[in-house]
Amino acid sequence: MSESMIEPWRARRRGGIPVTRRTAVYVYQAPLRVWHWINALSITVLAITGWLIANPPPTLAGEASDHFQMGYIRFFHFAAAYVFAVGFLFRLYWAFVGNSYARQLFTLPFWRRAFWSELWHEIRWYAFLEPEPRKYYGHNPLAHLFMVVIITVGGLVMIFTGFALYSEQSGLGGWQDQLFGWVLPLVGQSQDVRMWHHWGMWVIVVFVMLHVYSAVREDVMSRQSLISTMISGWRMFKDDRP
């Protein structure tokens, strides 16, 4: 049995009564769990404020300086962006010092034939075409793929495009301009970068909805913990079927 996967099992019977078997594996260390929830909060703030920046609320009566409505919206957006970026750097650091599960976000074993066969099984499982789930200590292959593509690659795209747009306001010569200003001419112009940044937000929003759905679904259907695992760090496996 590999470290990353637990094959489907069936509980034994004792006197005609199914015997419930439980297994617990410590998967997510405390710093990773703290990062996960802070990251979730920052993404929530970024999505809400980003939508309001793209679709400003109705104008308030009186002088804009009396309300500073968009100023507060932009402030929270920028503050959450810094939290997201710093958290990403910390997450990269923890991939080196944490356990093997901490490295899944930045590694994808695409060269393994077993990975693709297991990925296909997960696609069929989520499509209700497989009768039995496969149980994994870390992410299953489908979740693993989406985490790398959306959170790692997509997160980098959002950081680079976001700070590139921010560099227009921080001014030429600032660290934002020096590190990310090159993104603007590379993509085309400021409006093009803004469009990709905006669409990136919707990709992440859709991913979050699918992520929450799949976590709840797996908790119920595959008899393994997902939501509580990101609170306690322990993945619990249970099977009381005959």
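The model is predicted, so local features are taken only at pLDDT of at least 70 and side-chain atom pairs only at pLDDT 80 or more, while totals for chains, interfaces and linings use all residues. Residues are numbered from 1 along each chain as its sequence is written, and side-chain values use heavy atoms, with hydrogens and water left out.

**Confidence**

- The mean pLDDT (the predictor's confidence in each residue, from 0 to 100) is 86, and 88% of the residues reach 70 or more.
- Residues 1-20 stay under 50 in pLDDT, and the model has 55 contacts for them beyond four places in sequence; contact means heavy atoms within 4.5 Å.
- Where pLDDT is low, predicted coordinates should not be read in detail.

**Aromatic pairs and charges over rings**

- There are 18 aromatic pairs in the structure; rings of Phe, Tyr and Trp (its six-membered ring) pair if their centres lie within 6.5 Å, with planes under 30 degrees apart counted as stacked, over 60 as edge-to-face and the rest as tilted.
- Y82 and Y166 form an edge-to-face pair, because their ring centres are 6.2 Å apart and their planes stand at 90 degrees.
- This pair links distant parts of the chain, 84 residues apart: Y82 sits in helix α2 (residues 69-97) and Y166 in helix α4 (residues 141-170). Helices (H or I, at least four residues) and strands (E, at least two) are DSSP runs numbered from the N terminus.
- Y82 is partly exposed at 30% relative accessible area, and Y166 is partly exposed at 21%; buried means under 20%, exposed over 50% and partly exposed in between (1.4 Å probe, protein chains only).
- F163 and F180 are stacked, because their ring centres lie 5.2 Å apart with planes at 20 degrees.
- F163 belongs to helix α4 and F180 to helix α5 (residues 175-180), so their pair ties together parts 17 residues apart in sequence. Both F163 and F180 are buried.
- One aromatic cluster takes in F78, Y82, F160, F163, Y166, W175, F180 and W182.
- R91 lies over the face of W35, 5.2 Å from the ring centre, and R217 lies over the face of F128 at 4.4 Å. A charge sits over a ring if NZ of Lys or CZ of Arg is within 6 Å of the ring centre and within 35 degrees of the ring normal.

**Nonpolar cores**

- A nonpolar core is a set of buried Ala, Val, Leu, Ile, Met, Phe, Trp, Tyr and Cys residues joined through side-chain atoms within 4.5 Å.
- The largest has 24 residues, and I151 and I159 have the most contacts inside it.
- Two or more residues each come from α1, α2, α4, α6 (183-187) and α7 (190-221), and α4 gives the largest share, 8 residues.
- Beyond four places in sequence, I151 touches W35, F88, L105, F146, L156 and F207.
- A second, separate core of 10 residues includes V25, L32, Y137 and M230.

- V25 lies in strand β4 (residues 21-26) and counts as buried at 16% relative accessibility.
- The C-alpha atoms of V25 and W234 are separated by 5.5 Å, although the two are 209 residues apart along the chain.
- T49, in helix α1 (residues 30-54), counts as buried at 7% relative accessibility.
- A polar atom of the T49 side chain lies 2.6 Å from the backbone oxygen of V45, and the T49 side chain reaches the backbone oxygen of L46 at 3.4 Å.

Terms used. A polar contact is a pair of N or O atoms within 3.5 Å; within protein, one must be able to donate a hydrogen and the other to accept it, and residues adjacent in sequence count only if both atoms are side-chain atoms.
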